[in-house]
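Colleague: Hi, could you walk me through the model you have open? I'd like to start with the fold and then look at the core.

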Amino acid sequence: MKFLSRNEEIILLAIWRLKGNAYGVTIRELVSLQTGKDWPFGAIYMPLDKLTSKRYVRKYMSTPESVRGGRSKCLYELTDIGKDALKQIRTIQTEIWKDIPEVAFD
C-alpha cells in the first residue's frame, strides 16, 4: 500500500489536472487556487523532488519557447506508479469516510 502525505496528494492531483503544462509555477498557482492558501515555492518543490525520487512523477525539460532567448521549462507528469498511489489513497479515504454522516458536521 502506498501512503501519501496530504501535500503529495494535492500536488499529484494538480499535475494530473495540468496534463502537459505542469511545471513549478502552474502547479503552485493551481494548488493555491484550489486550497485557498498561498503556497511558497519550497512547499511545491520539496514534495516534487520526493515524488520524483519515489518515481510517482517523471521530470523532463520542455522544448525552448519560440521567443528569442526562449527558455525550457522543467515539466512533470504522473507515472503509472503515481496514478496507482492516487487510486489507493482515494480508496482508503472512501473507506474511512464511508460511515460518517454529513450531519456529523452540522
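Colleague: What should I know about the source first?

Modeller: This is a predicted model, so local features need pLDDT of at least 70 and side-chain atom pairs count only at pLDDT 80 or more, while totals for chains, interfaces and linings use all residues. Residues are numbered from 1 along each chain as its sequence is written, and side-chain values use heavy atoms, with hydrogens and water left out.

Colleague: Great. How many helices and strands does the protein chain have?

Modeller: There are four helices and two strands, in the order α-α-α-β-β-α along the sequence. Both kinds are DSSP runs numbered from the N terminus: helices are H or I with at least four residues, strands are E with at least two.

Colleague: And what box do the C-alpha atoms fill?

Modeller: Roughly 60 × 30 × 20 Å, taken along the principal axes.

Colleague: What share of the residues is buried?

Modeller: Buried residues are 31% of the 106 in the protein chain. Buried means under 20% relative accessible area, exposed over 50%, and partly exposed in between, with a 1.4 Å probe and protein chains only.

Colleague: On to the core, then. Which residues of the largest nonpolar core touch the most other members?

Modeller: Ile11, Leu12, Ile15 and Ile27, out of 22 residues in that core. The elements giving two or more residues to this core are α1 (6–18), α2 (24–35), α3 (41–53), β2 (74–78) and α4 (80–97), and the largest share, five residues, comes from α1. A nonpolar core here is a set of buried Ala, Val, Leu, Ile, Met, Phe, Trp, Tyr and Cys residues joined through side-chain atoms within 4.5 Å.

Colleague: What is Ile15 in contact with, leaving aside its neighbours within four places in sequence?

Modeller: Ala22, Ile27, Leu48, Val57, Tyr76, Glu77 and Leu78, where contact means heavy atoms within 4.5 Å.

Colleague: Switching topic: how many aromatic pairs does the count come to?

Modeller: One. Phe41 and Tyr45 are stacked, at 6.1 Å centre to centre and 25° between the planes. The rule pairs rings of Phe, Tyr and Trp (its six-membered ring) if their centres lie within 6.5 Å; planes under 30 degrees apart are stacked, over 60 edge-to-face, and the rest tilted.

Colleague: Where do Phe41 and Tyr45 lie?

Modeller: Both are in helix α3, four residues apart, about one turn of the helix.
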